[in-house]
Amino acid sequence: MQRPERSGYAEGMYNRKTSLKYVAEWFYLGETVWVTWDRTSWKNKPVKHQPDWPDGAALDEVQKKLTELPPLIFAGEARELTARLGQVAEGNAIVLQAGDCAESFDGFNANAIKHKLKVILQMAVVLSYSAGMPVVKIGRIAGQFAKPRSKPTETIDDTELPSFLGHMVNDATFSEKDRRPDPQRLLQAYNQSASTLNLLRAFTQGGFADLNRLQSWNLDFVAQSPQGKRYEQLAQEISKALKFMEVAGISPDSAQFQETDFYTSHEALILQYEEALTRKDSLTGDFYDCSAHMLWIGERTRQLDGAHVEFMRGINNPIGCKVGPTATPDDVIALCEALNPKRIPGRLTLIVRMGADTIETGLPPLLEAVKKTDHKVVWLSDPMHGNTFTSDSGHKTRHLDSVMKEVTGFFAAHKKAGTWPGGIHVELTGDNVTECLGGAAPIETADLQKRYETMCDPRLNANQSLDLAFAVSELVR
Ligand code: PEP
Ligand code: CO
């Protein structure tokens with residue numbers, strides 16, 4: 001049998017009718033079974049955590065519009081990130097992936113982006129300086145607008161409404177109108193992502209991330225805290241080193257010191273959106289999801305025969321997959337095979353989120369299993385999602401002690417297995433919120449009500465983020 005023509009697409013855009021023709025085609029080539037992939041082949045698989053869009057025609061129209069809009073990132077940038085993550089997989093760099101649990105359409109402003117970037121840059125400097133290694137900085141930003149929820153509906157006083165699924169889908173306000181999934185929100189998410197990315201590009205390439213300015217990244221409310229002072233000391237040390245380099249004839253004015261690479265990522269949850277932004281790269285002919293540099297599969301949608309794995313296996317971006325406490329060694333190997341059959345270093349990042357009490361027993365079998373194969377993955381610790389609980393005050397929260405305990409367990413497991421703990425994946429904000437407990441300037445249960453502003457999960461504030469960075473920097477040292 002002949003291999004079917006796989007691409008019936010126009011460059012840059014595509015015709016959904018033509019592509020549908022190829023969806024279910026497969027054929028034998030010797031002993032190998034080839035299964036064709038295209039942007040819509042996920043539709044042949046069971047799909048979880050999708051909104052119940054009330055108006056299919058309106059969704060189709062929005063999706064068509066999205067296919068015509070410019071890509072947010074470029075294939076070359078995604079390839080560059082794969083290469084950087086490849087260095088992490090080899091044990092020569094560290095990843096810091098961080099940002100909101102869910103970005104919001106409300107209160108969207110330049111300062112919030114700037115503050116978040118400052119905190120991430122500060123954490124990266126702390127990590128990089130103590131590890132003596134580059135830090136690959138990836139934001140959960142410019143696209144992190146959709147959430148899988150434990151229940152599809154929420155009931156208050158006998159009224160049952162769809163759960164809040166992120167601003168890309170509906171609003172958090174508990175009313176029928178607000179909770180109704182509205183496809184126009186996909187366009188708003190695209191537009192907000194575009195303007196966020198524009199500002200991030202300006203900040204990171206335009207002098208803001210200049211190492212000579214690292215003192216200015218300390219946020220006002222952080223500067224007087226124990227963490228802020230510790231950061232200040234480190235910044236002074238680095239400044240001295242930079243001055244020394246200048247004296248020695250190495251110019252800290254070079255682009256290497258003045259610019260930084262910053263990549264975007266989000267959970268690829270709403271597949272109509274991701275499909276529409278997936279484009280064929282004119283240089284290589286490969287498909288890239290141009291909604292972000294890196295996309296990940298969540299813990300609730302990582303089924304091997306599911307739509308999310310199907311979609312993600314065909315895009316050429318670097319991808320992540322959450323790995324929770326129920327993942328078996330066989331599951332993880334099967335995910336590696338499905339998502340990275342060509343074994344490209346940096347292509348696949350496994351983001352472990354087991355919980356502080358489970359990591360010690362749960363992670364080692366997975367590390368050993370992958371070690372026995374020729375898969376080179378990046379291992380990240382997400383110490384947030386396995387450590388959420390409801391406080392006596394009724395807030396969904398996390399304690400920094402548990403977060404640190406999980407990260408410590410993650411590093412210990414890698415040390416024992418002789419594998420590389422590639423870095424951390426955390427939920428944080430640059431705002432002075434009170435959502436997570438603990439820290440050197442501790443947040444107590446009574447403080448939670450003061451500035452609990454998250455759209456979804458509780459985030460570390462800037463102080464707690466620095467606390468975590470210093471703790472991790474001691475582990476990587
Ligand atoms: C998240 O990262 O916000 C999330 C929902 O994580 P997980 O899929 O690991 O539960
Ligand atoms: Co979250």
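Helices (H or I, at least four residues) and strands (E, at least two) are DSSP runs, numbered from the N terminus. This tour uses those numbers throughout a predicted model, in which local features need pLDDT of at least 70, side-chain atom pairs count only at pLDDT 80 or more, and totals for chains, interfaces and linings use all residues. Residues are numbered from 1 along each chain as its sequence is written, chains are lettered from A and ligands numbered from 1 in the order in which they are written, and side-chain values use heavy atoms, with hydrogens and water left out.

**The whole chain**

Begin by displaying the entire chain as a cartoon. It contains 15 helices and 16 strands. Along its principal axes, the C-alpha trace spans about 65 × 60 × 45 Å. The radius of gyration, taken over C-alpha atoms, is compared with a globule rule of 2.2 Å times the number of residues to the power 0.38. For 477 residues a compact globule would have a value near 23 Å, and the chain, at 22 Å, agrees with this.

Next, display the surface. Its accessible area is about 20,200 Å², and carbon and sulfur atoms account for 51% of that. Such areas come from the Shrake-Rupley method with a 1.4 Å probe; for residues, only the protein chains shown count as cover. Of the 477 residues, 55% are buried. Here buried means under 20% relative accessible area, exposed means over 50%, and partly exposed lies in between (1.4 Å probe, protein chains only).

A contact means heavy atoms within 4.5 Å. Among contacts between residues at least 6 apart in sequence, 75% join residues at least 24 apart.

**The cobalt ion**

Select ligand 2, the cobalt ion. Which residues coordinate the cobalt ion? They are Cys 101 through SG, His 385 through NE2, Glu 427 through OE and Asp 457 through OD, at 2.1 to 2.4 Å. Donors are N, O and S atoms within 2.8 Å of the metal (3.2 Å for Na, K and Ca); water is not among the atoms, so sites may look incomplete. Along the chain, the donors of the cobalt ion follow the spacing C-x283-H-x41-E-x29-D. Cys 101 belongs to the loop between strand 3 (94-99) and helix 4 (110-131), while Asp 457 belongs to the loop between strand 16 (421-427) and helix 15 (462-476), so this pair ties together parts that are 356 residues apart in sequence. Both Cys 101 and Asp 457 are buried.

Thr 454 is buried, with a relative accessible area of 13%. Leaving aside neighbours within four places in sequence, Thr 454 is in contact with Glu 435 and Arg 459.

**Two aspartates in a loop**

Move to Asp 157, in the loop between strand 5 (153-156) and strand 6 (159-162). Asp 158 is placed in the loop between strand 5 and strand 6 as well. Most residues other than glycine have a negative phi. Asp 157, although not a glycine, has a positive phi of about 45°, and Asp 158, also not a glycine, has a positive phi of about 70°. Are these residues buried or exposed? Asp 157 is exposed, with a relative accessible area of 70%, and Asp 158 is exposed at 80%.

**Two helices**

Select Gln 184 in helix 6 (residues 184-205). At 44% relative accessibility, Gln 184 counts as partly exposed. The C-alpha atom of Leu 59 is 8.0 Å from that of Gln 184, although 125 residues separate them along the chain.

Then select Gln 227 in helix 8 (residues 226-247). Gln 227 counts as buried, at 2% relative accessibility. Not counting residues up to four places away in sequence, Gln 227 touches several others, including Ala 440, Asn 463 and Phe 470. The C-alpha atoms of Gln 227 and Thr 278, 51 residues apart along the chain, are separated by 42 Å.

**A buried strand residue**

Finish at Val 378, in strand 13 (residues 378-381). Val 378 is buried, with a relative accessible area of 1%. What does Val 378 touch, not counting residues up to four places away in sequence? Among them are Leu 85, Val 95 and Leu 348.
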